[in-house]
Amino acid sequence: MMNANNFGGVIAVLVTPYRENGEIDPEGMTSLCRRVAQAGCQGVFVAGSTGDMPLLNREERVALVEAARRGCSADMKIYAGVTDYSLGDMVENARRFADVGADVAVVMPPLMFFKYSEPEMTAYFRTVADQSVLPVLMYNHMRLSTPVYPETIRKLMSHPNILGMKETWQTIDRTLAILEMTRDEDFLFIQGREAFALESLRHGAQGLMAALGNVAPEYYVQLWHAFRAGDEVKIASVNEKLDQLCGVFDLMPMEESFSYFGYTLKKMMQYRGWSDNANNRIPGFVPDPRFEEQLFRFLREIDFPTCSFF
């Protein structure tokens with residue numbers, strides 16, 4: 001019987017490392033996973049939107065999951081993005097990813113720009129969960145045209161192969177409502193919005209998924225352990241660092257190109273001495289040379305660690 005208590009904690013939402021020619025870099029993925037494992041993360045999320053999932057074919061995603069497994073400690077969970085353009089492909093993705101070490105299939109609503117009804121969304125997630133060899137984590141994101149409706153969550157929260165959900169939304173209201181609705185269920189709620197990390201934990205969230213886990217995994221691990229220990233002094237100290245760090249999202253000119261999201265995280269990894277490149281997959285992306293200067297100035301102002309190792 002699946003138990004949500006065996007999952008959760010701090011889960012780093014990983015970028016995908018690339019070589020100079022745009023090919024994926026499995027060795028870079030293994031190295032990244034070793035770093036977040038050393039920081040104390042309980043899991044990684046591979047091939048999500050932060051990891052350029054729409055730009056990766058199945059074989060690349062399989063190779064990335066396999067590389068992540070080599071870098072993760074034995075007790076870490078690998079959450080793999082299985083979302084695709086057909087239900088059959090999602091089910092096959094879950095099977096292939098399970099073969100190379102994935103533990104959870106992360107499923108978003110359909111990626112197109114069309115709107116779907118609540119009964120359609122419920123049937124969609126149920127169909128994938130019924131056939132997936134991996135437990136399913138539903139993933140709601142504010143940028144998608146169709147959300148994971150609260151009624152869908154209510155109908156599916158007791159499904160034997162649905163582990164729970166990741167929530168990334170504009171406001172905290174949905175989080176609080178979902179946590180209240182699922183409070184007595186064996187249902188894993190993971191907060192995906194960095195700014196809501198502490199408040200979500202205070203209301204019962206069992207995990208944090210953070211793209212900033214690529215660059216500051218120790219902050220999230222410290223917050224997690226301080227919260228579990230009830231150390232309010234440490235909580236306040238670490239949460240202040242996280243609040244400052246979240247300011248980096250305001251710097252990213254994503255209205256110009258979403259490529260700036262992954263590029264910024266990779267430049268921050270370079271700043272820490274953890275990577276020697278910020279290679280990108282989208283051809284033609286040329287970052288404004290002034291952006292790096294602005295970013296590094298921001299990092300110095302918040303006293304972000306540079307060239308540090310665990």
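Q: Where is Asp 303 found?
A: In this predicted model, Asp 303 is found in the segment that follows helix H12 (289-301).

Q: Why is Asp 303 called exposed?
A: The relative accessible area of Asp 303 is 65%, and the word exposed is kept for values over 50%, so Asp 303 is exposed.

Q: What makes the phi of Asp 303 worth a remark?
A: Most residues other than glycine have a negative phi. Asp 303 is not a glycine, although its phi is positive, at about 60°.

Q: Which other aspartate has a positive phi although it is not a glycine, and is it buried or exposed?
A: Asp 52 has a positive phi of about 65°, and its place is the loop between S2 and H2. Its relative accessible area is 16%, and buried means under 20%, so Asp 52 counts as buried.

Q: How do you know that Gly 48 is buried?
A: Gly 48 has a relative accessibility of 4%, and because the cut-off for buried is under 20%, Gly 48 falls within that class.

Q: Why is Phe 261 called buried, and which residues does it touch?
A: Phe 261, which is found in helix H11 (residues 259-271), has a relative accessible area of 10%, and since buried means under 20%, Phe 261 is buried. Leaving aside residues up to four places away in sequence, Phe 261 touches Thr 50, Ala 211, Phe 249, Met 252 and Met 254. Phe 261 and Val 15 are 246 residues apart in sequence, while their C-alpha atoms are 9.5 Å apart in space.

Q: How do you know that the span of helix H8 agrees with its number of residues?
A: Helix H8 has 13 residues (217-229), and at 1.5 Å a residue it should span 18 Å; the C-alpha atoms at its ends are 18 Å apart, so the two values agree. Just after H8, Gly 230 takes a positive phi of about 70°.

Q: Which residues of H8 are buried, and what do they pack against?
A: The buried residues of H8 are Pro 217, Glu 218, Tyr 219, Tyr 220, Val 221, Leu 223, Trp 224 and Ala 226. These buried residues pack against strand S1 (9-13), helix H1 (26-39), helix H7 (197-202), strand S8 (207-210) and helix H9 (232-245).

Q: What makes the radius of gyration of the chain agree with that of a compact globule?
A: For 310 residues, a compact globule would have a radius of gyration near 19 Å, and the chain has 18 Å, so the chain agrees with that expectation. The C-alpha atoms fill a box of roughly 50 × 45 × 40 Å along the principal axes, and the secondary structure comes to twelve helices and eight strands.

Q: How many of the 310 residues count as buried, as a percentage?
A: Of the 310 residues, 58% count as buried. Among contacts with a separation of 6 or more, 73% come from residues 24 or more positions apart. The accessible surface of the chain comes to about 13200 Å², with 50% of it belonging to carbon and sulfur atoms.

Technical notes:
Residues are numbered from 1 along each chain as its sequence is written. This is a predicted model: local features need pLDDT of at least 70, side-chain atom pairs count only at pLDDT 80 or more; totals for chains, interfaces and linings use all residues. Side-chain values use heavy atoms; hydrogens and water are left out. Helices (H or I, at least four residues) and strands (E, at least two) are DSSP runs, numbered from the N terminus. The expected span of a helix is 1.5 Å times one less than its number of residues. Buried means under 20% relative accessible area, exposed over 50%, partly exposed in between (1.4 Å probe, protein chains only). Contact means heavy atoms within 4.5 Å. The radius of gyration is taken over C-alpha atoms; the globule rule is 2.2 Å times the number of residues to the power 0.38. Accessible areas come from the Shrake-Rupley method with a 1.4 Å probe; for residues, only the protein chains shown count as cover.
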